[in-house]
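Please look over the structure shown here.

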Amino acid sequence: MLSVLYRGRLASCNYACGYCPFAKRRDSREALARDAADLQRFVAWALAQTRPLQVLFTPWGEAMIRKPYRQAMLTLAASAHVRTVSIQTNLSGPTEWLHDAPPGKIGLWCTYHPGETTLARFVERCARVSASGARYSVGVVALRQHFDEIRALRAALPADVYLWLNAYNDLGPGYYSDDEQAWLQRIDPWFDFNAHPSRSAGRPCRAGSDAISVDGDGSVRRCHFLPQVLGNLYEQPIAELLNERSCRRRMCDCYIGYAQRRDLPFVDDFGDGLLMRVPRAWHYQGAADTMPAAQSTPRRIMMTAL
């Protein structure tokens, strides 16, 4: 099976999170039309394939509020050889369309952004997704000022919904105290892979052989984080572009990258939920309400001051 991570030209987002690299932008009508045309071309390519595919949309902006993306996901999900279709989203867009998809084939990688929406509204939208039969996970950037929201979100979500946590590493190692790290790890057992990424260079990786990254004009790369272009999706057979390669990046600290590493447990732990960040047979049994004591200053800064 080939995993295809598609990232088109769409750059507009209706949220403006200060910690997010996808800053709030506004695409022109021309830019949106071009992105929609690129997307339609990609969908046509995917439908013409014979090998099994998994597709993940990883837009720079928020795509689920755009009708062409919702229609693309439904079209792909209706094809037998497309096993799953997933998207990264802030879950602010419509959800009714999910009821039109084949059960279990649509996946949502949903991020909760405190300050951009309320917890009650976000949880209500998660309930809509659950009712639709779509598979989904929920995540938060684990800023220390968001710890209360993380605890409340974990308590509000069904136990079978995985709450993933992205480490906030902008301040460098030591942002979390040992107690904070342990608490976050209890909520998300895979948190440490994000908070303390291991060396990637030279490690075996599915990227480039079983997974590729594709942009709006069809340029194919091994993954989003390696700039070398292998070829073009629309100009040569995909089989000519696929080869087993070890990782060339010194370190990979993003799930969509390190989840493809062959020496890490994600393919086994997540199975066909890998691209939607949904682990196999997940059931939360922790105690998320047992929070660490408040710490006014990150540990790294305290140590620097000594």
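Helices are DSSP runs of H or I with at least four residues, strands are DSSP runs of E with at least two, and both are numbered from the N terminus. Ser130 sits in helix α3. This is a predicted model: local features need pLDDT of at least 70, side-chain atom pairs count only at pLDDT 80 or more, and totals for chains, interfaces and linings use all residues. Residues are numbered from 1 along each chain as its sequence is written, and side-chain values use heavy atoms, with hydrogens and water left out.

Buried means under 20% relative accessible area, exposed means over 50%, and partly exposed lies in between (1.4 Å probe, protein chains only). Ser130 is partly exposed, at a relative accessible area of 36%. Ser130 and Val161 are 31 residues apart in sequence, and their C-alpha atoms are 9.2 Å apart in space.

Asp38 belongs to helix α1 (residues 29-48). Asp38 is buried, with a relative accessible area of 8%. Leaving out residues up to four places away in sequence, Asp38 touches Tyr6, Arg9, Gly216 and Tyr234. Contact here means heavy atoms within 4.5 Å.

Both residues also make polar contacts through their side chains. A polar contact is a pair of N or O atoms within 3.5 Å; within protein, one must be able to donate a hydrogen and the other to accept it, and residues adjacent in sequence count only if both atoms are side-chain atoms.

| Side chain | Partner side chain | Distance |
|---|---|---|
| Asp38 | Arg9 | 2.3 Å |
| Ser130 | Tyr136 | 2.7 Å |

**Strand β3 and its partners**

Which strands pair with β3? Two strands pair if DSSP finds at least two bridges between them. Strand β2 (residues 53-57) pairs with β3 in the parallel sense, over 5 bridges. Leu56 has Ser86 of β3 as its bridge partner. Between β2 and β3 the chain passes through helix α2 (residues 67-77), and this β-α-β crossover is right-handed. That means that, with the strands pointing away from the viewer, the path from the first strand over the helix to the second runs clockwise.

Strand β4 (residues 106-111) runs parallel to β3, joined by 5 bridges. Here Val85 is bridged to Ile106 of β4. Strand β3 (residues 82-89) has 7 of its 8 residues buried, so it is largely enclosed by the rest of the structure.

**Helix α4**

Helix α4 covers residues 147-156. Its buried residues are Phe147, Ile150, Ala152, Leu153 and Arg154. Their cover includes α3 (119-132), β5 (135-141), β6 (163-166) and α5 (178-187).
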